[in-house]
Amino acid sequence: MSDASTPGSVTITLDGTNKSSRAPLVQASVGPAVADIRKLYADLGVFTFDPGFGMTAACESKITYIDGDKGVLLYRGYPIEQLAENSDFTEVCYLLLHGELPNDAQLKEFSHNVTMHTMVHEQIRNFFNGFRRDAHPMAILCGVVGALSAFYHDSLDISDPRQREIAAFRLIAKVPTIAAMAYKYSIGQPFVYPRNDLSYAENFLYMLNAVPAEEYKVNPILARAMDRILVLHADHEQNASTSTVRLAGSTGANPYACIAAGIAALWGPAHGGANEAVLKMLGEIKTPENIPDFIEKVKDKNSSVKLMGFGHRVYKNFDPRAKIMKETCHEVLAELGIKDEPLLDMAMEMERIALSDDYFVSRKLYPNVDFYSGIILKAMGIPTYMFTVLFAVARTVGWVSQWKEMIEEPGQRIGRPRQVYTGETNRDYVPMGSRG
């Protein structure tokens, strides 16, 4: 049990003993204070048990803040709505990495440095021939990004600030190129080299869609939509993949291996595959007329049917990214002349019914960013198996920023979570011939 002690600490007392431990409170600049329990085992001989680490702060960070109850997402203190409306992805990358918005000269230099690293070593092309054509692009992305450390030996010394900076540029610049190559490989088309005259989002769309046989012009509305998707997914505090990057990085692993670990964690359908799950759900419903019956199954505790794209583990209010994605969704569909898109019609009807149903309203199950982003990507002609890959492209800068912050933290320690062991003890070995 615990009770408030002097301001700035809490006292934790072990029931049935006279043992207690004082845990200093670490004050956040915004959000709840955190009890520092590092002396708990020494004082009381116990650890804490927190499956999923939902109540445990494993690090200090100045990068991203989320208030799930109020529906707030801040990058370096700036509301995500302001950045999505007024900024672009390259500027957001600079902000996440450096902590401040750049001036004109800084942004120009940063954009130039990213652009100059978009090409990959020509020998990396050979990696793709080792994959089957039907290999999932996330498998390719994970493998090739991890292999970058075999090519760029001059940016592996994580104790050197300059090498960390070069590695950051390379990862932010090359992951879209590798992602586009993975897509082209999956559909049997030739790889498309990046172009230095295009913006980050424009270049990514160009590498995904262009072919050598004809000129490809990037639609500015679609480029803006892609840029917003990248901005909205750039970072999201200590989620599963970001925590994986930090845990891998705490061992001193090179940055390319750490980002590959993040890609592997993001691949899970409970994390990066959520927008793909939304489209799958809508496809299974088939028509708007089937939505009421589907909603009833969602409410049924004995049913295994789940409503995808609504609610969020962190946000207990409206996802601040969802409003921006909803507006962007309509912009894209209008630009492409899609007026009667069945999936969008079902999505809008699903939103209307769910938000007017007390079952969902009382539980604050509002549409999240995945509810709309999947529809946008589908309208842009991007197949569902590429959705998580695009998520990885956006999140790379967040992973790199978090990794860089961790490496530069004084007294940084290797991650080593504890466990509650519930297995057998003190068993005697039985020789093979004597086993039943």
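Trainee: At what angle do helix H4 and helix H7 pack?

Mentor: About 65°, with their axes 8 Å apart, for H4 at residues 104-115 and H7 at residues 161-187. That makes H4 roughly perpendicular to H7 (65 to 115 degrees; under 35 is roughly parallel, over 145 roughly antiparallel, the rest oblique). This is a predicted model, where local features need pLDDT of at least 70, side-chain atom pairs count only at pLDDT 80 or more, and totals for chains, interfaces and linings use all residues. Residues are numbered from 1 along each chain as its sequence is written, and side-chain values use heavy atoms, with hydrogens and water left out.

Trainee: Which residues in H4 and H7 meet?

Mentor: Phe110, Asn113 and Val114 of H4 meet Phe169, Ile172 and Ala173 of H7 (contact means heavy atoms within 4.5 Å). Of these, 5 are nonpolar, 1 is polar and none is charged.

Trainee: New topic: how many salt bridges does the structure hold?

Mentor: It holds 18, counting a side-chain nitrogen of Lys or Arg within 4 Å of a carboxyl oxygen of Asp or Glu. One of them joins arginine 224 and aspartate 227, at 3.5 Å from N to O.

Trainee: Why are arginine 224 and aspartate 227 separated by about one helical turn?

Mentor: Because they are 3 residues apart in helix H9, residues 220-232.

Trainee: And is aspartate 227 buried or exposed?

Mentor: Aspartate 227 is buried at 9% relative accessibility, while arginine 224 is partly exposed at 24% (buried is under 20% relative accessible area, exposed over 50%, partly exposed in between, with a 1.4 Å probe and protein chains only).

Trainee: Which residues are linked in a network of salt bridges?

Mentor: Glu85, Arg228 and Glu331.

Terms used. Axes are lines fitted to C-alpha atoms, for helices over the stretch in contact, and angles run from 0 to 180 degrees between N-to-C directions. Helices (H or I, at least four residues) and strands (E, at least two) are DSSP runs, numbered from the N terminus. Ala, Val, Leu, Ile, Met, Phe, Trp, Tyr, Cys and Pro count as nonpolar, Asp, Glu, Lys and Arg as charged, and the others, Gly among them, as polar.
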